[in-house]
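Subject: Structure handover

Hello,

Please find the structure below, with its sequence. My notes on what was found in it follow.

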Amino acid sequence: MEDRINVTRSLLPPLEEYIEEIRPMWESHWLTNMGEKHLELEKKLSEYLKVPYISLMSNGHMALELALQALALPAGGQVITTPFTFASTTHAIVRNNLEPVFCDIDPVGYTMDASKLERLVTNKTVAVLPVHVYGNLCNIEEIGRIARKHGLKVIYDAAHAFGETYHGVGVGNFGDASMFSFHATKVFNTIEGGAVCYRDEEFGLKLYRLKNFGIRSEEVVDGIGANAKMNEFQAAMGICNLCHVKGEMEQRRQASEYYRRRLEGVKGVQLNRKQEGVKPNYAYFPILIKEKEFGANRDDVCRELREQGIYARKYFYPLTSSFECYRGRFDANETPIALEVSRQVLTLPLYGGLKEEDQRRICDAVLGMCKHR
């Protein structure tokens, strides 16, 4: 078998660069608890993402879960979200004793269909949790309008949207808060890690309490909190990777354009759209396989790729509303477009350093399954 091609590969700085970044820790012995690296990365990310405030977290899930908690939403309240997302989004709602209500998605951009949002609002609705998917941004204006009309909080799951802007505005500025994931599989990583971007300082103070046991000083604990602090090794990795993320995105852009040249116009293959006004980060390259037109279904294509050592991913499948842990609680048929897309989607390998010869293998394998070319 030819060399294995994974769906992604973590961005890493030169080893010597990272060693130099962490070297001071062997002198200070300060490894966590908001040390110099943590504070430096916060400042640099605030500037890079063009946001007024940012709070670093140990991972993206804790960032989302604690951001929801900091909003002080009433227990049992309904949060309108999407089932076409990673498990974390739905779990964060449920673990906050809130009830997810699923809105269907736009069949082209795969984000929450804002035209279907308002009909889901009830007297129990307290917030909206939309998800920017594959770097495709939600209908920010319409979601904001509906939220203001009904007095709802909005928190964006921006795990896929690192570094993106909308008409020049950093994507972390929208809603009451936006969560980013810095997991190793993302465009930018801190090994594990995440962050919440926000505008309100009081909200930031609540986040600080929640991520640091409620501790304000050595002798003052004025809140009940968890432990979700980013450590110094994670922050150091982030500082290094921030120097290389522009190059990573450019390599991903070139790889994405190669895929487009090879797959554009192929019968039964739907490519991801380009959004007007959005500066993309090229985080993912999803395709939809339309079985009737293509001549094979998504699972057939995925299986064939794996047999050739190519590990594409069914991302997102299944819908979170179909998870075994929620059996009998939700009905995936209530979001038929999301259900259909989840059965057709396949994200192709994409990362900086992906060789053109490997992309040729990938495209040849996909096209080899098409029966109606």
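Which residues in H4 meet which residues in H7? On the H4 side they are Leu 66, Ala 67, Gln 69 and Ala 70, and on the H7 side Phe 203, Lys 206, Leu 207, Leu 210 and Lys 211. Sorted by class, this contact of H4 with H7 holds 6 nonpolar, 1 polar and 2 charged residues. Please keep in mind that this is a predicted model, and that every value in this message is computed from it.

Helix packing

The axes of H4 and H7 (residues 201-211) come within 9 Å, and the crossing angle is roughly 125 degrees. Angles of 65 to 115 degrees count as roughly perpendicular and those over 145 as roughly antiparallel, so H4 and H7 are oblique to each other. The crossing of H4 past H7 is right-handed.

A second pair is H1 (residues 15-22) with H8 (residues 232-242), whose axes come within 9 Å and cross at roughly 130 degrees. H1 and H8 are therefore oblique to each other, and H1 passes H8 in a right-handed crossing. From H1 the contact takes Glu 17, Tyr 18, Glu 21 and Ile 22, while H8 supplies Phe 233, Ala 236, Met 237, Ile 239 and Cys 240. The class count for the contact of H1 with H8 is 7 nonpolar, no polar and 2 charged residues.

The largest pocket has about 470 Å³ of space. Its lining is made up of 30 residues, and those that lie nearest the centre are Phe 86, Ser 181, Thr 185, Lys 186 and Tyr 315. By class, the lining of the largest pocket divides into 12 nonpolar, 13 polar and 5 charged residues.

Cavity

How many cavities of 30 Å³ or more are there? The count comes to 1, and the largest cavity has about 30 Å³ of space. Lining the largest cavity are Ala 159, His 160, Ala 161, Phe 162, Lys 186, Val 187, Asn 281 and Ala 283. Of these residues, 5 are nonpolar, 2 polar and 1 charged. Lys 186 belongs to the lining of the largest cavity and is also one of the residues that lie nearest the centre of the largest pocket.

Backbone

Where are the cis peptide bonds listed here? One joins Tyr 315 and Phe 316, with omega at about 25 degrees, and Phe 316 lies in the loop between helix H11 (298-307) and helix H12 (336-344). Tyr 315 is also among the residues nearest the centre of the largest pocket. Another cis bond runs from Tyr 317 to Pro 318, with omega near -5 degrees; Pro 318 lies in the loop between H11 and H12.

Met 34, a residue other than glycine, has a positive phi, near 55 degrees. Met 34 is found in the loop between helix H2 (25-28) and helix H3 (36-49).

Regards

Technical notes. Residues are numbered from 1 along each chain as its sequence is written. This is a predicted model: local features need pLDDT of at least 70, side-chain atom pairs count only at pLDDT 80 or more; totals for chains, interfaces and linings use all residues. Side-chain values use heavy atoms; hydrogens and water are left out. On a 1 Å grid over the protein atoms alone, a cavity is a set of points where a 1.4 Å probe fits but cannot get out, and a pocket is an open set with protein on both sides within 12 Å along at least five of seven lines; lining residues have an atom within 4 Å of a point. Grid points are joined across faces, edges and corners, and a volume is the space filled by probe spheres set on the points. Ala, Val, Leu, Ile, Met, Phe, Trp, Tyr, Cys and Pro count as nonpolar, Asp, Glu, Lys and Arg as charged, and the others, Gly among them, as polar. Axes are lines fitted to C-alpha atoms, for helices over the stretch in contact, and angles run from 0 to 180 degrees between N-to-C directions. Helices (H or I, at least four residues) and strands (E, at least two) are DSSP runs, numbered from the N terminus. Angles under 35 degrees count as roughly parallel, over 145 as roughly antiparallel, 65 to 115 as roughly perpendicular and the rest as oblique. A crossing is left-handed if the near helix is turned anticlockwise from the far one by less than a right angle, and right-handed if clockwise. Contact means heavy atoms within 4.5 Å.
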